[in-house]
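Here is a model to read through its definitions.

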Amino acid sequence: MSQVSPGDDGSTRRPGPQARKGTPAKRPPAKAAPKGRPPAAGSKGRPPTGGAKGRAPRPNMKITAAPPRRFAPSTLAYVTIAVVVVIVVVFVVVKVTGSGKSTSTTQLIPNPVTAPASLVAEVTGVSPAVSNAVGIGTGVSAPQVLTGQPKLASTGGKPEVLYIGAEFCPFCGAERWSMVLALSRFGTWSGLKTTTSSLWDSDPGTATFTFRNATLTSSSIDFVSVEHETNDNFGSGTRKLFQPLTTAQGNLWQKYSSHFGETTGYPFVDFGNKVFVLGPSYDPGVLAGLNQQEIAAKLTNPSDPVTQSIVGTANYLTAAICAMTGNQPAAVCSATGTKKAAASMKLS
Amino acid sequence: MARSMSDVDVEEEYDTVPPVPWWWPWVAFGLSLIGFGISLYLTIEHFQGKLLPCPANAVFNCTKVTTSKYSHVFGVPVALAGLLFYTGMVGINFPPLWKVPARWLARARLVMAVSGICFVLYLLGAELFSIQAICLWCTGVHVTTFFLFVLVVASFPLMQSRAVALSEWAEDGDEA
């Protein structure tokens with residue numbers, strides 16, 4: 001890169017047309033040229049001035065940059081750039097090394113515990129009035145709809161809902177609240193446990209359920225869940241592979257994430273290869289600082305941001321399942337909240 | 001027709017003015033357009049309340065970043081601030097303006113580039129240490145801003161010396 005240092009004229013003979021066009025060199029030039037003075041070859045300094053301000057005109061004098069300073073401007077420029085690069089590198093190094101420090105042998109996040117029946121009842125018992133009032137909620141992103149795909153069904157022939165998530169994952173934690181509610185409209189839960197998301201990830205300690213031992217008994221759908229990784233039970237980054245994916249599940253995850261321009265991430269929910277959830281449906285931050293009971297207690301107030309997020313997402317998921325079941329059961333699929341969500345996804 | 005001695009002298013003086021490498025203006029302008037495009041997209045998505053197409057996992061999450069408290073500065077959405085910044089950058093890096101030997105123009109370009117990279121460092125720190133997530137779209141803008149900063153800072157000495165030399169030459173021409 002061409003640079004100019006003070007005291008060094010840094011010039012190039014014949015700068016080329018781009019330099020010539022944009023400069024004031026089109027001025028009438030002859031008037032600037034002093035006559036009758038001997039040329040001072042190789043001299044440096046200001047151009048000829050005709051004697052003004054006590055300076056004698058010196059023909060053939062080269063135009064130079066500012067007088068020498070302690071540091072050359074080009075040096076300062078490179079130092080400035082280097083400082084920025086160093087700051088960025090320090091940021092990254094501190095982040096990377098800091099995130100892997102905590103490797104205690106003490107379990108820092110307790111194992112999931114069986115969810116109290118009252119808690120499950122509160123979540124699955126959200127009233128139709130609240131659900132309909134919420135509709136698609138606020139701050140909720142709609143699932144992705146895809147047509148023309150082979151039907152995803154279990155060996156029994158029932159349409160399948162495939163969930164791939166992880167216990168450390170805060171977005172999965174947020175999504176599970178809505179899944180518990182939506183799927184309860186098509187069956188009965190057993191084996192649900194409560195836990196929190198990782199304490200060393202975004203939205204640390206988001207209160208949630210886990211599907212690790214959960215079963216949905218339903219006559220209309222099959223729910224298949226994979227909690228692919230554990231929590232960060234022993235500190236930052238201590239998550240491990242937990243429930244393995246089958247090859248078919250891995251292929252679905254890869255295929256449809258890629259189809260929508262995403263890398264494989266959590267959560268991934270495949271509703272019969274018709275509707276897909278890729279990533280968070282809402283910001284888990286709305287659940288920040290709340291435990292399971294506090295979250296469940298908010299689900300009676302349709303204007304609460306927690307209810308708007310959880311129930312709004314649940315209505316979308318309900319509409320997705322209705323698209324798999326031929327809109328059965330009718331009472332669920334014809335509810336105002338479900339229909340609003342279906343219309344928003346252009347499923348109806 | 002033979003030129004006079006004075007014509008030759010002045011032309012030699014002119015020719016000693018350091019030229020601007022042809023690719024500087026175009027690279028700066030291109031980077032500004034890229035930054036403008038991404039900022040425009042982020043601003044539109046911000047005001048439409050849509051989630052960005054972006055991987056969502058433990059490391060990357062655009063939604064987490066763009067809905068965090070760091071998504072606004074003094075009540076102004078960062079996406080909009082970025083759009084305004086790059087609107088200015090597109091203007092000031094318009095290639096013909098790189099040939100204008102005005103000191104204020106070179107300084108304005110430098111001030112904008114340094115302001116931009118300072119804000120990028122602030123946002124990067126927020127992403128890494130407070131939000132704990134990286135927004136890939138934002139990173140695109142950050143990388144663009146960094147390269148623009150490198151180009152503007154590295155070119156500043158030359159732009160400055162060109163401006164000084166040509167303005168002095170112009171002054172002297174007037175005095176004569």
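Two strands pair if DSSP finds at least two bridges between them. Helices (H or I, at least four residues) and strands (E, at least two) are DSSP runs, numbered from the N terminus. This is a predicted model: local features need pLDDT of at least 70, side-chain atom pairs count only at pLDDT 80 or more, and totals for chains, interfaces and linings use all residues. Residues are numbered from 1 along each chain as its sequence is written, with chains lettered from A and ligands numbered from 1 in the order in which they are written.

Q: What is the strand order of the open five-stranded sheet in chain A?
A: The order is β2-β10-β9-β3-β8, with mixed pairing.

Q: Why do β2 (144-145) and β8 (222-229) of chain A stand at the edges?
A: Each has a single partner strand, so one side of each is left without a neighbour in the sheet.

Q: What makes β9 (268-271) and β10 of chain A a pair?
A: The two strands share four bridges, in the antiparallel sense. The definition asks for at least two. Within this pair, Asp270(A) stands opposite Phe276(A) of β10(A).

Q: Why is Val286(A) called buried?
A: Val286(A) has 21 other C-beta atoms within 10 Å. Buried needs 20 or more, exposed means 12 or fewer, and partly exposed is in between, with C-beta atoms placed from the backbone. So Val286(A) is buried. Val286(A) sits in the loop between β10 (275-278) and α7 (292-298) of chain A.

Q: Why does Val84(A) count as partly exposed?
A: Val84(A) has 18 C-beta neighbours inside 10 Å, so it falls in the partly exposed class. Val84(A) belongs to helix α2 (residues 73-99) of chain A.

Q: What does Val84(A) touch, not counting residues up to four places away in sequence?
A: Val84(A) touches Ile117(B) and Phe149(B). Contact means C-beta atoms, placed from the backbone, within 7 Å.

Q: Why is α8(A) called roughly perpendicular to α10(A)?
A: Helices α8 (305-325) and α10 (336-344) of chain A pack at about 80 degrees, their axes 8 Å apart. Roughly perpendicular covers 65 to 115 degrees; under 35 is roughly parallel, over 145 roughly antiparallel, the rest oblique. So α8(A) is roughly perpendicular to α10(A). Axes are lines fitted to C-alpha atoms, for helices over the stretch in contact, and angles run from 0 to 180 degrees between N-to-C directions.

Definitions and conventions:
Contact = placed C-beta atoms within 7 Å.
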